[in-house]
Every structure is written in structure tokens, then in C-alpha cells.
Amino acid sequence: MRRWFLRFGFRGLSAIAILACGTFARAEDGATGDDWPSYGGRDSAWRYSALQQINRSNVRHLKTQWVFQTGKIDGGLNATPVVVGGVMYLSSSWNRVFAIDAVTGNEIWHYFYPNPREIGIGYSPWNRGVAVSGGRVFFGTLDNSVVALDQKTGRELWRVNVEDMRQCGCNITGAPLVVKDKVIVGVTGGDSAHRGYLTAFDVKTGRKAWRFWTIPGPGDKGFETWEGNSWKQGGGSTWMTGSYDPELNLVYWGVGNPAADFYGGDRKGANLYTDSLIALDPDTGKLKWYYQEIPHDVWDFDAAFECILFDATVKGVKRKLLLNVNKGGYTFVVDRVTGEFVSAYPVAENITWIKGVDAKGNLVGRNEPPVGQPTLMCPSIGGGHQWNHSSYSPQTGMLYTTGIEWCQQVTVRPEEPREGFNYFSGVFQLKPPMHGEPGGHLDAYDPVTGKKFWSYRAKYPLLASQLSTAGDLVFTGDPEGNFLAFDARHGEKLWSFQTGSGHRGSPISYAVNGKQYIATPSGWGSSLAGLLPQLWPETEDFPLGSSLFVFALPEEK
Amino acid sequence: MIAIAFLLAQSAVEPSMVARGQTVFAQNCSVGYCHGVGGAAGRGPRLRGRNLPKDYLDRVTHEGIPSSAMPAWKGRLSDADIRAVVEYVSMLSAATDAPPPMMPMPAGEGPATARSFNGPPEAGRGFALFFDPTRDHCGVCHSMGGRGVAIAPDLAETVSKSQADAIALIRSTGARKVVRVKLNDGESFAALRGSETKDTVKLYDLTSAPPVLRTLERSEVESIADDPSWRHDDFVQAYTAAELSDIVSYLRWAAVGK
């Protein structure tokens with residue numbers, strides 16, 4: 001086999017993107033090369049690799065190179081690995097972090113943070129990833145601490161407890177985002193009686209640099225969107241990872257649902273900045289703009305998932321855009337300079353909580369569940385789309401994302417907030433969808449218009465992230481353990497590999513010494529995995545796991 | 001519901017107790033992503049049809065499962081509510097059918113409430129201030145009643161004094177245990193000592209709240225010496241005199257119950 005050119009030049013790629021689909025997108029904004037340096041690939045969260053040694057014509061020859069076991073299967077493996085200079089950094093459940101030789105799979109170091117035994121876990125045992133920058137590896141813990149490790153040795157450099165988790169009912173499962181000299185970290189707690197925030201720490205000392213409260217306090221603009229004391233326990237968690245645009249010097253983060261989740265009678269008002277996209281100055285934490293996708297949410301439909309930063313021509317005008325797929329099953333596209341609404345379109349077919357989104361971004365036909373009466377609502381609390389991340393390919397100009405078809409009966413039940421406790425004010429039971437079979441699908445869209453190019457239907461919700469590559473491939477995994485490769489342009493399934501446990505993490509691509517690798521977590525687990533048996537009883541017996549599989553093409557003989 | 005009614009008929013348990021258990025379960029156990037309506041499973045394991053022994057359910061409900069998402073409900077729910085929910089879960093656990101459809105839940109049924117703060121009002125206000133999550137509060141360095149982060153000296157000494165003397169002590173430098181750390185790269189900060197090894201020293205950096213536990217190699221450290229210049233009052237100033245008085249009332253109540 002001839003050695004392939006690993007990459008186009010960036011300019012070449014950009015030109016092809018323009019010719020191919022009429023959108024433009026500079027690959028240097030978001031494409032990864034040899035490294036996969038941050039959670040979303042690069043800080044624009046494309047999850048797109050410019051590597052193309054592995055492509056549509058040879059993907060069927062992929063062979064397993066090595067497998068890494070994290071040793072703790074509780075909660076599965078939900079992470080995105082990071083690769084820098086031939087070393088992979090992987091986090092897993094119960095505060096485990098590993099540095100692994102990305103060629104051999106041999107461990108270089110590990111760091112296990114012992115969670116205080118007397119402290120339970122507020123939300124979950126899993127961890128979704130680390131940030132690597134300036135010789136340090138950063139991650140959050142189950143007892144709500146941020147930890148900095150020495151990148152070479154794994155030695156702990158500093159650790160700061162952000163808030164007592166026994167009090168807040170919150171912890172950190174999302175990957176931090178490093179922007180210049182600050183590490184920015186979110187928090188769970190959106191379904192607890194808790195006031196959410198985003199905090200930045202100095203990378204060297206761990207000292208708090210700023211905090212942005214996702215719920216304004218007395219005297220702050222937006223405080224008037226909360227009733228009484230509801231702002232103190234109104235949720236608004238920041239449980240996923242944000243993005244960063246260095247040109248605009250803005251950090252973008254999605255904010256989760258308000259609490260109580262299902263009952264809004266105690267928090268009348270729009271409830272800013274829950275279910276909002278926020279743009280902050282990373283140096284000060286000051287709000288530049290916000291866009292609220294769902295004013296006064298009563299469905300638990302977070303806007304917390306990733307913010308994909310890309311550029312495209314909209315009605316003849318070049319725009320800097322931000323794309324966020326809402327848990328309620330709608331994609332929102334806004335101008336990332338101003339926060340102005342651009343477009344919205346559904347990614348799920350069974351949606352009854354609204355009738356639609358109008359041309360200005362307003363929700364039309366809100367369907368709020370009444371108190372006390374079981375009510376069918378679609379999608380379920382699990383979402384028309386889950387947190388597992390989408391991918392944007394500048395080469396095809398397509399967004400690759402997932403939708404889920406399922407509904408629930410929800411019964412709203414007002415309750416008093418209790419510090420450190422869940423604060424849902426209601427219960428739910430999963431139900432099949434009103435139209436068609438329950439299940440999931442992977443779809444390719446025009447990211448701005450929502451025009452669908454292709455769709456792959458799956459028996460179960462697809463709960464793993466997508467990876468797209470310049471080899472015109474899209475990778476993802478399913479709950480049955482299959483790791484899948486698709487033709488990025490037409491959606492044909494080209495290859496699959498059974499990893500033995502379901503997929504809930506995020507695949508990546510990287511290269512070392514001119515050889516391209518595809519890596520994927522395999523390891524069933526998570527809240528959603530726990531809910532699936534309500535509709536698919538057989539999934540209760542699906543094997544758990546927590547391992548990382550790495551694939552490459554066979555060596556030239 | 002039919003299955004529950006059938007099981008109920010076969011047992012000697014008070015129907016009202018099971019009904020209460022169902023209410024408590026709905027609010028605390030099936031809620032959100034946990035055990036699901038009818039114990040059908042969620043993030044928490046399925047309870048329905050598991051045939052779990054009642055003594056096991058009783059123990060786990062009281063004590064929780066360490067290092068898991070299952071909390072200890074002792075102290076969070078009343079003893080009567082814990083007994084009721086254990087009875088209810090025991091019945092779910094014996095059920096062999098699928099979870100029944102959800103029934104309407106009248107709003108007037110009354111939610112289960114946790115035990116509230118039962119000290120005097122000024123102590124209650126002080127408690128809220130001590131752990132006020134919306135600002136930098138005492139609990140980011142001090143532990144009280146099993147809450148807060150226990151890195152700073154405990155407050156027993158403070159509470160043995162009179163109200164006025166306690167406030168004065170809190171306002172004073174309180175720097176007896178604070179050290180000044182100088183690093184070879186020129187950085188300098190106030191800190192509390194943590195553990196040490198042959199090669200490393202752990203220090204709680206007090207420059208900002210919350211404090212940062214830093215692990216330094218001895219070769220990085222130029223000196224560690226007492227720091228009489230550090231002032232606890234810099235943090236205390238965020239509280240008014242009235243608030244401080246309430247906080248001391250809370251500390252005294254928490255420590256000696258008065």
C-alpha cells in the first residue's frame with residue numbers, strides 16, 4: 001500500500017469546501033490534524049478530522065491496534081479522549097485519568113482520585129473528558145473538585161473544591177475548556193435545588209478567576225425573570241463543555257434546564273439564563289450576549305449541549321454562526337457575533353411540546369403538562385437528541401447528528417425545594433412514539449437550513465457521538481456494541497466492528513508518525529442506558545464495559 | 001395498581017402506610033432519572049420484581065450505599081416516611097407484572113417534606129449565611145455539622161467564648177496557623193499547611209476563595225514561614241455585624257446546642 005498524504009493543505013481543503021457545497025468554512029477553525037487537542041477536537045467543537053489516510057475506499061480494511069481497559073465499568077465509558085504528541089489522555093468513571101502511548105496502548109501514568117467515601121455521587125460516576133494545555137491535564141471530580149495534573153507524570157499540581165456536593169447536589173462530569181491562562185469548568189445540578197454557574201480558574205495556581213452565575217442575582221439584569229426566591233434553586237447547570245472563538249475572544253456555553261424541571265408555577269418568568277446560549281468574555285466572565293432557546297422550560301429540555309462554531313453563507317451573506325442541538329429535538333442556529341437568531345429545525349419526528357419555531361425563533365404552540373394529570377409528551381425527558389455530540393464536516397458542508405423517537409407520560413407534582421436533593425416536581429414513564437417505531441437515527445443535514453441529505457435508522461437510540469473525517473467518513477457506535485463507519489456523503493454503512501459493549505462515548509481520530517488511527521470508547525452505561533429498559537426490556541441485560549478500541553489500516557508489507 | 005392491591009390484601013400492612021410510601025417514593029425515588037415509576041429502573045437499578053428482602057431495603061434506605069448515587073435517607077426523611085417507603089418498595093419488589101400506567105396525582109395530597117432546621121431563628125439565619133452558596137461563605141474553608149470543607153481550624157474554641165468575644169476572635173487576624181509561602185519563581189501566597197512527603201509539600205493557598213490545595217515539589221519552594229500579616233477579616237468583611245452575630249449564634253447552637 002502506498003503511503004497516503006495525510007492531509008490536504010488547509011487552503012486546498014477550504015477551496016474544496018467552497019466548490020463542493022457552497023458553504024465556506026476555514027478548516028483551520030476546527031479541523032484536527034495529528035493531534036486531537038481538545039474535547040470537541042478543537043475549540044470550535046466540529047469533531048472533524050482533516051486526516052484522510054482512512055477513507056471510503058479502504059475503511060473496510062480497518063484492524064484493531066490495541067484495547068485499553070479502564071478497570072471500572074460502573075457508568076460505562078462516556079469520554080472523549082484527547083491526543084497530544086502521540087500521547088492519549090483518557091478519563092473514566094470514578095475519577096480515573098490515564099496517559100496512554102497512542103501507538104502501543106501502554107499506560108504511561110494513571111491518576112485515581114479517591115472520592116471521599118462518605119460523599120455519594122450526586123449525578124453519576126462517569127467523566128466525559130479532560131483538557132490538556134501548557135503541560136497540565138485538567139479534569140473535574142465527582143465530589144465537585146477541579147484537579148490539575150502534571151502532563152508528563154500525572155502528579156497532582158493543584159485541586160480546588162468548587163462547592164460542597166453534599167450541599168449543592170452537584171458535581172463535575174463535563175470536560176473543562178482551557179482559554180488562554182484560564183481553565184473554565186461547568187457543573188451539574190440542573191435537576192437539583194441549586195443555582196448554576198460557570199467558573200474559571202487560573203491554570204497555574206487554581207485560584208478562582210471569575211464566576212458567571214447562570215441565574216442572575218438581586219440587582220443583576222435578568223433577575224426579574226425569576227419569581228420570589230426561585231433564583232436560588234433554579235438549576236441552570238453547565239454540565240457539558242463550551243467552545244471558544246479566538247478571533248472574537250468569546251467563549252460560548254450552553255446552559256441547562258431550570259429547576260424544578262416539570263413545574264414552573266413557583267418560578268414564573270422567562271428564567272434567564274436557563275436553556276440559553278451564553279457568550280462570555282473569557283478574561284472577565286462578563287456576558288456579551290445570550291440567546292434563550294426555551295423561555296420558561298417545563299420539560300427538562302436543556303440547551304446544554306455543545307456549541308458548534310462554523311461559518312456559512314446565509315441568504316448571500318457570510319455569517320459567523322453557532323449551532324446547538326437542543327434536547328427537545330430542535331437545532332438552533334444563531335449569529336455568534338451578536339446572538340441573533342438565524343434558523344431552527346427539528347431533528348426528531350415525534351415532537352409535541354411545541355408545534356414549531358417561527359421565523360424569528362419564537363416557540364409556537366407550547367404544550368405544558370398540567371399538574372397532577374398524566375400527560376403524553378414527546379419526546380421523552382431523554383430528549384429528541386441526547387448530549388452525545390454532533391459533528392460538522394467542512395468538506396461535505398454537512399452536520400451529522402442523531403434523533404430519538406420516543407415519548408413519555410409525565411405527571412407534574414409540585415414540591416418544596418430541598419437543598420442537595422433532586423428537584424424535578426414530577427415523574428415520568430417512557431412510552432412508544434405516536435408515529436412509527438421507537439428508536440434512533442443518524443442524519444446528515446445542511447446545518448443552516450436543516451435540509452436532510454441522508455438518514456440511517458437504528459433499533460435503539462444512538463447515544464454515541466459522531467466523528468467525521470476528510471476521508472469522507474462518519475463514525476459512531478450503537479447500544480449493541482457495534483462501531484460503525486458511514487459514507488459521509490450518501491450515508492451508506494461501509495464497515496462495522498463489534499466491541500462487545502454499547503457505545504456512549506465519543507470517537508476521535510489522530511495520527512502518529514504518519515499513521516492515522518480511529519479511537520472509540522466502548523462501555524454501556526449512563527442515565528439514558530438505565531432508562532432504555534422501560535421501552536426495550538432486553539437492554540437491561542446489555543453488557544457494561546469501559547474500554548477504548550483503536551483501529552488503523554494494516555501496515556504496508 | 002391491581003397487583004399492589006392484591007399484595008396489599010395478602011399482607012398485614014396498613015393501606016394508609018403503603019399509600020404514604022407511594023407518595024414518598026414518587027417524590028424521592030421514582031423522581032427524575034432514578035428508580036422509575038413503579039420501580040421500573042432508570043439511572044438507579046430496577047426495583048420491581050427483584051424480590052429484595054425487607055431488611056435489606058430497610059438498611060439501604062436508612063444508610064444509603066456508600067460511593068454510589070444511593071443516598072442515606074436517615075435524617076432526610078422522617079422515620080415514619082422511611083418505614084412507609086420501605087413497605088411500598090418491598091411490595092414493588094415482589095410484583096411480577098409490568099409497572100401499571102400512572103395514576104393522576106392530586107395536587108392536594110401533600111409532598112413529603114424533609115426535616116427542617118430546628119434551632120432558634122438567629123441560628124437558622126446564621127446557618128444559612130455560613131453555607132450561603134450564592135457568595136463566598138464560611139463553609140468553603142470551615143466544616144460544621146458534617147457540611148463544608150474542613151481545611152481551616154475547627155471552631156470549637158470560638159464557640160466557647162461569649163458572643164462578643166467570639167465575634168472579636170473571628171474579626172482578628174486569626175493567623176496563628178497561616179504561613180507565607182515563597183516560591184523560587186517569585187510567587188508568594190498565604191497558606192495553611194497540608195500533608196508533606198519527602199519530596200512534596202501540600203498547602204492550601206488562601207489567596208482567594210475557595211482555597212486551592214497545591215502540591216509543590218520541595219525544590220520549587222524557597223521558604224515557608226509564619227505569616228502574621230494575613231488577616232481573616234478580609235474574608236469576614238463580606239458579612240455585616242448583624243450577620244456575624246447570627247453566624248456565631250449558629251456556631252454556638254451547632255456546637256453545644258444552645
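**View 1. Antiparallel strand pairing between E11(A) and E4(B).** In this predicted model, E11(A) and strand E4 (residues 212-217) of chain B run antiparallel and are joined by three bridges; strands pair if DSSP finds at least two bridges between them. Strands (E, at least two residues) and helices (H or I, at least four) are DSSP runs, numbered from the N terminus. Within this pairing, Leu213(B) of E4(B) lies opposite Arg159(A).

**View 2. A salt bridge between Arg155(A) and Glu217(B).** The two side chains meet at 3.3 Å, N to O. A salt bridge places a side-chain nitrogen of Lys or Arg within 4 Å of a carboxyl oxygen of Asp or Glu. Between chain A and chain B, ten salt bridges are counted.

**View 3. The side of chain A that touches chain B.** Elements giving two or more residues to this side include strand E15 (208-213), strand E29 (407-412) and helix H4 (527-531) of chain A. E11(A) gives the most, with six residues. The residues of this side comprise 21 nonpolar, 17 polar and 20 charged, where Asp, Glu, Lys and Arg count as charged, Ala, Val, Leu, Ile, Met, Phe, Trp, Tyr, Cys and Pro as nonpolar, and the others, Gly among them, as polar.

**View 4. Contact between chain A and chain B.** Here 58 residues of chain A contact 64 residues of chain B, with heavy atoms within 4.5 Å.

**Notes.** Residues are numbered from 1 along each chain as its sequence is written, and chains are lettered from A in the order in which they are written. Local features need pLDDT of at least 70, side-chain atom pairs count only at pLDDT 80 or more, and totals for chains, interfaces and linings use all residues, while side-chain values use heavy atoms, leaving out hydrogens and water.
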